[in-house]
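Subject: Structure handover

Hello,

Please find the structure below, followed by notes on what was found in it.

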Amino acid sequence: MIVKIRTFPLSIEKLQALICRTPPIHPKIPIMKENLSKRLSGYKGETYLDYPLSFLSEKDYYILHDLRLHDSTHYFQLDSFVISTNFIMILEVKNIAGEIYFDPIFHQLIRTLDGKETVFEDPIVQISRQELQLKKWLRKNQFPEIPILSLVVFTHPKALLRTSPENLDLHQKVIHRNFLSTRFTQIEKEYPEERISLKDIKRMIKLLKKQHTPLDQPILEQYGIHYDELLKGVFCPACHHLPMERAYGTWYCPQCKNKVKDAHIAALKDYFLLCGPEITNKKLRDFLQISSPYLASRLLHSMNLPSDGTTKNRIYYLSSEREFEK
C-alpha cells in the first residue's frame with residue numbers, strides 16, 4: 001500500500017523556472033541545463049520503480065516515496081521506503097546507463113559510457129549511512145528493534161553491472177529493478193519473524209509524514225543569479241513570446257495574436273518558485289511588466305491571497321500552489 005506518493009520535485013520546478021527566466025546567453029545556462037537533465041533523469045528512474053513495487057502485497061507492505069528526515073544531527077534522504085512487520089527496506093534508485101563498475105578497494109562507482117569514465121559516490125557506502133541514520137531516527141522515536149535492510153536498485157535498462165571477483169556479495173545489495181519483487185520474496189524467507197506491530201507501523205507512518213522536511217533551497221542564491229538579471233513579463237502560452245500585453249481585461253500576444261485571460265498565473269508561479277511567497281503591488285508590477293497599480297491590485301485581489309499590512313504597504317502571500325491551478 002502506498003501511503004506517501006511520489007511528487008514532482010520542487011527543485012526541478014525551480015530550475016525549470018530559472019532556465020525559462022534567464023537570458024539564453026547567460027554564462028550559467030549550460031550548467032543549469034546539465035543539472036536539470038541529471039535531476040530529470042533521477043526522477044524518471046524513481047518512477048521506473050513503481051512497476052516492480054506494484055507486485056508487493058498491499059496488505060503486507062507500506063510504501064513511502066521521497067522522504068527527507070532529521071536524525072537529530074543531519075538530514076537524510078530516502079528515495080523509497082518499505083515497511084513490513086518483519087523488516088524495513090530502504091531503496092536507493094540509480095538511473096545510470098553504461099558499464100557500471102563497483103570498486104571495492106577505493107569504494108567508488110565508475111561508469112563507462114561512449115569511452116568516457118565518470119566517477120560517482122559508492123551507493124553501498126550511501127545506503128550503509130542511511131541505515132545508520134534511520135536506526136538513529138527509530139531509536140529517538142522509541143520504536144521496537146526491527147531489521148533495517150537496503151538495496152541499490154538500478155532502473156536504466158542499459159546499465160551493465162560489473163565488479164571484481166572478490167566482491168562476491170554485491171548481488172545481495174545491488175540489483176536491477178526487474179529483480180526487485182524476487183529479491184523481496186527471498187528476504188521474506190530470511191526474515192520470517194514479526195518484529196513490529198501494525199499499531200507501531202501506523203504510528204511510524206504518521207511520524208514519517210509529519211517529520212518529512214522537503215529540501216527548499218533559494219534557487220537564485222544557489223546559482224548566483226540576481227533578480228534584476230531575470231526576464232520579466234508574461235510569456236505567451238502558445239508561442240512563448242515575451243512579453244504579452246494587457247488590454248481590455250485580457251493578455252494579448254503581439255506575435256501570434258493569442259488572447260489569454262489569466263496568463264499572469266503562470267508568471268506568478270515563476271515568481272513564487274524563484275523569489276518566494278511574499279509579493280507586493282510594486283513587485284507584481286515589476287515582474288509582470290505592467291504600469292498600473294490599480295490593475296496590479298485587481299489581479300492580486302482576484303487570486304484571494306492572504307495578506308498583511310495597510311493598503312500602501314500590503315504584503316500578499318503566494319503560500320500554496322492552489323493559486324496557480326485556477
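M303 counts as buried, at 3% relative accessibility. Here buried means under 20% relative accessible area, exposed means over 50%, and partly exposed lies in between, with a 1.4 Å probe and protein chains only. The areas themselves come from the Shrake-Rupley method with a 1.4 Å probe, and for residues only the protein chains shown count as cover. M303 sits in the loop between α10 (293-302) and β15 (307-308). Its C-alpha atom is separated by 9.0 Å from that of I265, and the two residues are 38 apart along the chain.

The model is predicted: local features need pLDDT of at least 70, side-chain atom pairs count only at pLDDT 80 or more, and totals for chains, interfaces and linings use all residues. Residues are numbered from 1 along each chain as its sequence is written, and side-chain values use heavy atoms, with hydrogens and water left out.

Overall picture

The protein chain has 326 residues, and buried residues make up 44% of them. It contains 10 helices and 16 strands. Helices (H or I, at least four residues) and strands (E, at least two) are DSSP runs, numbered from the N terminus. The C-alpha trace spans about 70 × 50 × 35 Å along its principal axes.

Salt bridges

Side chains of opposite charge can pair when their charged atoms come close. A salt bridge is counted when a side-chain nitrogen of Lys or Arg lies within 4 Å of a carboxyl oxygen of Asp or Glu. The count comes to 13 salt bridges.

One of them joins D50 and R6, at 2.6 Å from N to O. This pair links distant parts of the chain, 44 residues apart: D50 is in helix α3 (residues 50-53), and R6 is in the loop between β1 (2-4) and α1 (10-21). R6 is buried, with a relative accessible area of 13%, whereas D50 is partly exposed at 35%. Together with E46, these two residues are linked in a network of salt bridges.

K38 and E34 form another salt bridge, with their closest N and O atoms 3.4 Å apart. Both residues lie in helix α2 (residues 29-47), four residues apart, which is about one turn of the helix. K38 counts as exposed at 54% relative accessibility, and E34 counts as partly exposed at 42%.

The side chains of R129 and E121 also meet in a salt bridge, at 3.0 Å from N to O. R129 is partly exposed, with a relative accessible area of 39%, and E121 is partly exposed at 44%.

Aromatic rings

A pair of aromatic rings is described by the distance of the centres and the angle of the planes. Rings of Phe, Tyr and Trp (its six-membered ring) pair if their centres lie within 6.5 Å; planes under 30 degrees apart count as stacked, over 60 as edge-to-face and the rest as tilted. A search of the whole structure finds nine aromatic pairs. In one of them, the ring centres of F87 and F184 are 6.2 Å apart and the planes stand at 40°, so the pair is tilted. F87 lies in the loop between β3 (75-83) and β4 (88-94) and F184 lies in helix α5 (residues 180-190), so the pair ties together parts that are 97 residues apart in sequence. Both F87 and F184 are buried. One aromatic cluster is formed by Y61, F87, F184 and Y191.

Backbone details

The peptide bond joining L242 and P243 is cis, with omega about 0°. P243 is found in the loop between α7 (219-223) and β11 (245-247). H240 is also found in the loop between α7 and β11. Its phi is near 70°, a positive value in a residue other than glycine, and H240 is partly exposed, with a relative accessible area of 47%.

D114 has a positive phi too, near 55°, and is likewise a residue other than glycine. D114 is in the loop between β6 (108-113) and β7 (116-121) and is exposed, with a relative accessible area of 77%.

Regards
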